[in-house]
Amino acid sequence: MGKEGINGAVCGEIAEIEQLKQFLTGYPLFADLTFREQIYQQNSYHKLVVKVRDEICAFGTEVNVAKSKGLHLKPQQLQEWYERNEDFVIVDARNDYEFEVGRFKNAVKLPIQNFREFPKAAIRELEQYKEKKIVLYCTGGIRCEKASAYLKEQGFPQVYQVEGGIINYVNQFPDTNWEGGLFVFDDRLVSDVGQAITSCTFCEKDCEQYVNCHNLDCDRLFIVCKQCQISMNQNCSEECKNAPRQRKLSNKKGHQKVIGIVENYYPKAQVALIKTTHSLNIYSTISIAGKTTKNVMQEVAEIRSENGEEIPFAPGGSHVTIPLNQKVRKNDKVVLC
């Protein structure tokens with residue numbers, strides 16, 4: 001939540017979700033609140049987290065959303081544009097790793113790894129389409145509010161945004177113009193909303209499952225089906241499969257994996273700066289210990305990149321910050337539990 005608005009996500013039984021929706025919309029302030037809903041058989045969130053931010057989605061460039069945002073294009077209208085071959089350019093406003101998992105038919109990919117990179121990349125990549133109808137889309141429509149406003153302020157005359165985002169579209173028009181799965185920022189990582197457009201690294205079977213290589217000296221994130229996970233012991237190659245340092249599926253202390261080193265702790269903000277040696281996913285459980293630091297165990301509720309962008313996972317060799325409610329010290333080891 002921030003000065004510009006509120007964005008939230010919950011999971012629960014269908015009846016409970018309906019009660020929550022009625023409760024929220026019963027207040028005049030939230031009477032026009034909209035929802036993006038998906039059916040899932042498991043809990044995809046672990047605990048209540050409330051975050052106060054300057055921006056709901058960090059953009060890094062000031063825009064007047066109220067004045068400049070692009071026109072909302074309803075899923076029905078987008079479907080009709082596809083069916084009659086309307087002359088428009090559909091642009092993915094998400095990060096490149098989200099695009100790789102799934103995208104709209106004929107979508108333009110922007111080479112960005114976080115939303116702060118959108119302004120520069122959009123001007124550079126979309127200048128050739130400036131006089132065309134440009135349709136922006138993102139997961140739920142939140143990022144497109146700013147992205148579309150920015151393009152309008154930069155002189156793009158015909159800017160639209162998919163109302164309710166991808167979720168709203170695929171709920172109404174499944175198996176049509178959306179290709180692949182949908183990257184989501186919860187335990188699922190990928191929501192199965194369409195036929196996979198990626199394949200298993202080994203057997204080339206259609207697959208959207210990502211895992212980290214169990215060779216601790218590799219740790220590469222790669223796509224692999226369940227059968228090949230078993231046959232390869234969750235390794236990305238035969239070389240890695242035969243490597244001596246393999247990740248252990250055990251919580252015993254002797255089998256824990258060091259995935260980073262603390263480089264600083266900021267007590268006022270209660271965050272630790274960590275240099276990762278291996279990948280770290282959100283909602284993982286870590287413990288931090290050192291010469292004078294007793295084991296500090298905590299679930300990773302948030303990961304932020306060097307430029308402050310909230311990310312779902314951090315690759316090895318990166319600097320990230322995570323919130324910690326207990327003090328840690330420089331050179332403490334970060335262990336994946």
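Which residue in β18 does Ile286 stand opposite? Select Ile286 and look across to β18: the residue opposite is Leu336.

The model is predicted: local features need pLDDT of at least 70, side-chain atom pairs count only at pLDDT 80 or more, and totals for chains, interfaces and linings use all residues. Residues are numbered from 1 along each chain as its sequence is written, and side-chain values use heavy atoms, with hydrogens and water left out.

**Stop 1: β14 and its partners**

Select residues 285–289, strand β14. Helices (H or I, at least four residues) and strands (E, at least two) are DSSP runs, numbered from the N terminus.

Show the six residues between β14 and β15 to complete the hairpin.

**Stop 2: helix α6**

Move to residues 142–153, helix α6. Its 12 residues reach 18 Å from first C-alpha to last, close to the expected 16 Å (1.5 Å times one less than the number of residues).

Colour α6 by accessibility: nine of its 12 residues are buried (under 20% relative accessible area, 1.4 Å probe, protein chains only). Among them are Arg143, Glu145, Lys146 and Tyr150. To see what covers the buried residues, show elements including α2 (65–68), α5 (118–126) and β4 (133–137).

Finish at Gly155, which follows α6 and has a positive phi, near 95°.

Conventions. Buried < 20%, exposed > 50% of the residue type's maximum accessible area, 1.4 Å probe, protein only. Contact = heavy atoms within 4.5 Å. Pairing = 2+ DSSP bridges.
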